[in-house]
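Please consult the sequence and the model while reading.

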Amino acid sequence: MRQSAPVLALALLPLLLFGSTACQSAHEGAALAPAAAPAVPVDDGAPGGADEDAPAPAPGAVAGAAVKDARVGDPVRVRGQQVGRHLQAVLTAYVDPAVSVDATFAPAAGKRWVGAGMSFVNVGGATYGALGRMWAYDSAGQRYPAVKTGELTTGKPLVFDSLSVGQRAEGWVVFEIPENARIVRLQYQDANTQANSGEGFWTV
């Protein structure tokens with residue numbers, strides 16, 4: 001019996017070592033197991049399901065672009081290539097159709113006029129020369145240049161040769177478009193800007 005105790009201890013030693021190793025392996029395996037993935041919010045169209053404060057993209061705006069189309073009443077800063085050449089342009093009103101005060105003066109057959117009330121202020125450091133170009137874009141992407149007209153029922157046409165620093169010019173710009181065209185966008189482009197950078201656009 002005196003010899004049985006050491007023998008029993010030797011017999012149990014492999015079992016004790018195996019159990020210790022198994023516990024250690026389980027602990028290390030638990031540390032390496034991936035954490036549970038966080039729940040992903042699902043936009044189901046219900047209120048609060050998406051970012052309700054995120055503004056909707058404006059028509060024609062490029063995804064990720066910082067510049068977006070303005071609206072009626074929004075001031076837009078237009079910069080030319082010449083140093084100090086800056087205009088603040090505002091689309092003050094938009095009418096469809098635009099009508100001449102002279103009943104005998106009308107658009108060509110199959111066409112109609114739309115009018116944009118514009119306000120320009122020279123906010124630069126130098127005299128601003130001749131007015132640039134304006135375009136109206138329809139829903140198909142076709143653009144139409146401004147045309148010369150007489151006085152409209154909504155006001156006089158916009159005309160200026162130059163603006164001194166701080167001077168303002170206001171009036172109406174008219175576009176002649178097909179009867180079935182739907183205008184969605186207006187553009188002012190500085191006469192000395194080779195490639196428009198996204199400034200001077202309004203959604204109508």
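## A residue in a loop

In which loop does Ser 164 lie? Ser 164 is found in the loop between β5 and β6. The model is a predicted one, in which local features need pLDDT of at least 70, side-chain atom pairs count only at pLDDT 80 or more, and totals for chains, interfaces and linings use all residues. Residues are numbered from 1 along each chain as its sequence is written, and side-chain values use heavy atoms, with hydrogens and water left out.

Ser 164 counts as partly exposed because its relative accessibility is 40%; the term covers values between buried, under 20% relative accessible area, and exposed, over 50%, with a 1.4 Å probe and protein chains only. Not counting residues up to four places away in sequence, Ser 164 touches Asn 122 and Thr 127, where contact means heavy atoms within 4.5 Å. Between the C-alpha atoms of Ser 164 and Gly 125 the distance is 9.1 Å, although the two are 39 residues apart in sequence.

## Overall fold

The protein chain contains one helix and eight strands, in the order α-β-β-β-β-β-β-β-β along the sequence. Helices (H or I, at least four residues) and strands (E, at least two) are DSSP runs, numbered from the N terminus. Of the 204 residues, 30% count as buried. Among contacts with a separation of 6 or more, 69% are between residues 24 or more positions apart.

## Strand pairing

Two strands are said to pair if DSSP finds at least two bridges between them. β3 and β6 are antiparallel and pair over eleven bridges; within this pairing, Trp 113 has Glu 176 in β6 as its bridge partner. β6 is also joined to β5 by two bridges, again in the antiparallel sense, and here Val 147 is partnered with Val 174 of β6.

β4 has two antiparallel partners. With strand β7 (residues 183-189), β4 forms six bridges, and Arg 133 stands opposite Gln 189 in β7. β4 is mostly covered, with five of its six residues buried.

## Backbone features and Arg 143

The hairpin of β4 and β5 has four residues between the strands, and Gly 141 there takes a positive phi near 95°. A cis peptide bond, with omega about 5°, joins Asp 96 and Pro 97; Pro 97 belongs to the loop between β2 and β3. Most residues other than glycine have a negative phi, and most peptide bonds are trans.

Arg 143 lies in strand β5 and counts as partly exposed because its relative accessibility is 36%. Leaving aside neighbours within four places in sequence, Arg 143 is in contact with Trp 135, Ala 136, Tyr 137 and Gln 187.

## Nonpolar cores

A nonpolar core is a set of buried Ala, Val, Leu, Ile, Met, Phe, Trp, Tyr and Cys residues joined through side-chain atoms within 4.5 Å. The largest such core has 26 residues, and those with the most contacts inside it are Met 118, Phe 120, Phe 175, Leu 186, Tyr 188 and Trp 202. Two or more residues of this core come from each of β1 (75-79), β2 (86-95), β3 (111-122), β4, β6 and β7. A second, separate core has five residues, including Ala 98, Trp 113, Leu 152 and Val 174. In soluble globular proteins, nonpolar side chains tend to be buried together.

## The largest pocket

The largest pocket has a volume of about 350 Å³. Of its 16 lining residues, Leu 131, Ala 146, Val 147, Lys 148 and Leu 158 are the closest to its centre. On a 1 Å grid over the protein atoms alone, a pocket is an open set of points where a 1.4 Å probe fits, with protein on both sides within 12 Å along at least five of seven lines; lining residues have an atom within 4 Å of a point. Grid points are joined across faces, edges and corners, and a volume is the space filled by probe spheres set on the points.

β4 (133-138), β5 (143-147) and β6 (168-178) each give two or more residues to this lining, and β6 provides the largest share, three residues. The lining divides into eleven nonpolar, two polar and three charged residues. Here Ala, Val, Leu, Ile, Met, Phe, Trp, Tyr, Cys and Pro count as nonpolar, Asp, Glu, Lys and Arg as charged, and the others, Gly among them, as polar.
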